[in-house]
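Please walk me through this protein model.

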Amino acid sequence: NLNHKQMIKTLKFFGVIFIIVQTSVSCSNDDETKIIYQDAFEHYIGELYDGGMIYHLYKGSDGVEHGLIVSLTESSAVWQTTPTLTNANRSWDGEYNTSLMTGSPAVTYISTLGAGWYIPSIDEMEKLSSNRFEVNKALFEGGYLLISDTNAYWSSTEINTNYASCFYFSTSGTPWSKINPLTVRGVKTF
């Protein structure tokens, strides 16, 4: 006795969106049922969730689904009012970087979003860039502010005393003086 279940997923690879149909097959006899294959996410890219929009999903080494959420609003702020070295230099960990940022109007804005929000690292911005099509489509359909391809967005990744990485969705990882106001948009994990 075979039971087939199908799930449709999308995958963006080199700018092309592929639709993947995944099937889970279970075999059963009189005494037991065994799952042969199953790979599914509970959430999806572009889902309104926990006060923002999901833009990245993955299964952790713990086997649990995790993701990144981008806020529905943004503001303009400087990274720091007076440049000082903070060692917020993790390209992959915006939450850690944000916790080290001092004298930062950008962090002050992010704190108004509520618990768990932080300024994304440069790598977290890259992940957002990879799924900006799906996220902006969902933001548009929900009547929310779109992610701009012309604004420079602060990342929490510091380069040195005077510079931190900003992100243009048309390019990425541009060094920018910390005392210049740029767009700030928060993210959080789940």
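Tyr-153, Phe-167 and Phe-169 form one aromatic cluster in this predicted model. The structure holds 2 aromatic pairs. Rings of Phe, Tyr and Trp (its six-membered ring) pair if their centres lie within 6.5 Å; planes under 30 degrees apart are stacked, over 60 edge-to-face, and the rest tilted. The rings of Tyr-153 and Phe-169 have centres 5.5 Å apart and planes at 80°, so this pair is edge-to-face. It links distant parts of the chain: Tyr-153 sits in strand β8, and Phe-169, 16 residues apart from it, sits in the loop between β9 and β10 (174-177). Phe-167 and Phe-169 also pair edge-to-face, at 4.9 Å centre to centre and 70° between the planes.

How buried is the cluster? Tyr-153 has 1% relative accessibility and counts as buried. Phe-169 is buried as well, at 11%. Phe-167 is buried too. Buried here means under 20% relative accessible area, exposed over 50%, and partly exposed in between (1.4 Å probe, protein chains only).

Residues are numbered from 1 along each chain as its sequence is written, and side-chain values use heavy atoms, with hydrogens and water left out. As the model is predicted, local features need pLDDT of at least 70 and side-chain atom pairs count only at pLDDT 80 or more, while totals for chains, interfaces and linings use all residues.

Now the whole protein. Its secondary structure comes to 4 helices and 12 strands. These are DSSP runs numbered from the N terminus: helices are H or I with at least four residues, strands are E with at least two. Of the 190 residues, 39% are buried. The protein exposes about 10400 Å², and carbon and sulfur atoms supply 54% of that. The areas come from the Shrake-Rupley method with a 1.4 Å probe; for residues, only the protein chains shown count as cover. Among contacts between residues at least 6 apart in sequence, 55% join residues at least 24 apart. A contact means heavy atoms within 4.5 Å.

The average pLDDT is 84, and 77% of the residues score at least 70. pLDDT is the predictor's confidence in each residue, from 0 to 100. Over residues 12-28 it is below 50, yet this stretch has 61 contacts in the model beyond near neighbours in sequence. Residues 33-38 are also below 50, with 15 such contacts. Where pLDDT is low, the predicted coordinates should not be read in detail.

The largest nonpolar core has 18 residues. Such a core is a set of buried Ala, Val, Leu, Ile, Met, Phe, Trp, Tyr and Cys residues joined through side-chain atoms within 4.5 Å. Trp-79, Ile-110, Ile-119, Trp-154 and Val-184 have the most contacts inside it. The elements giving two or more residues are β5 (52-59), α2 (105-111), β8, β9 (163-168) and β11 (182-184). Helix α2 gives the most, with 3 residues. Apart from this core lies another, of 17 residues, including Tyr-55, Leu-128, Tyr-153 and Phe-167. Val-184 touches Ile-110, Ile-119 and Trp-154, among others, leaving aside neighbours within four places in sequence.

The backbone oxygen of Ile-119 lies 3.1 Å from a polar atom of the Ser-156 side chain. Beyond four places in sequence, Ser-156 contacts residues including Trp-79, Ala-88 and Ile-119.

A polar atom of its side chain lies 3.0 Å from the backbone nitrogen of Ile-122. The C-alpha atoms of Thr-157 and Ala-88 are separated by 5.8 Å, though the residues are 69 apart along the chain.

Two further spots complete the tour. Ser-177 lies in strand β10. With 19% relative accessibility, Ser-177 counts as buried. In helix α4 (residues 132-142), Glu-134, Val-135, Asn-136, Ala-138 and Leu-139 are buried. Just after α4, Gly-143 takes a positive phi of about 80°.

Technical notes
A polar contact is a pair of N or O atoms within 3.5 Å; within protein, one must be able to donate a hydrogen and the other to accept it, and residues adjacent in sequence count only if both atoms are side-chain atoms.
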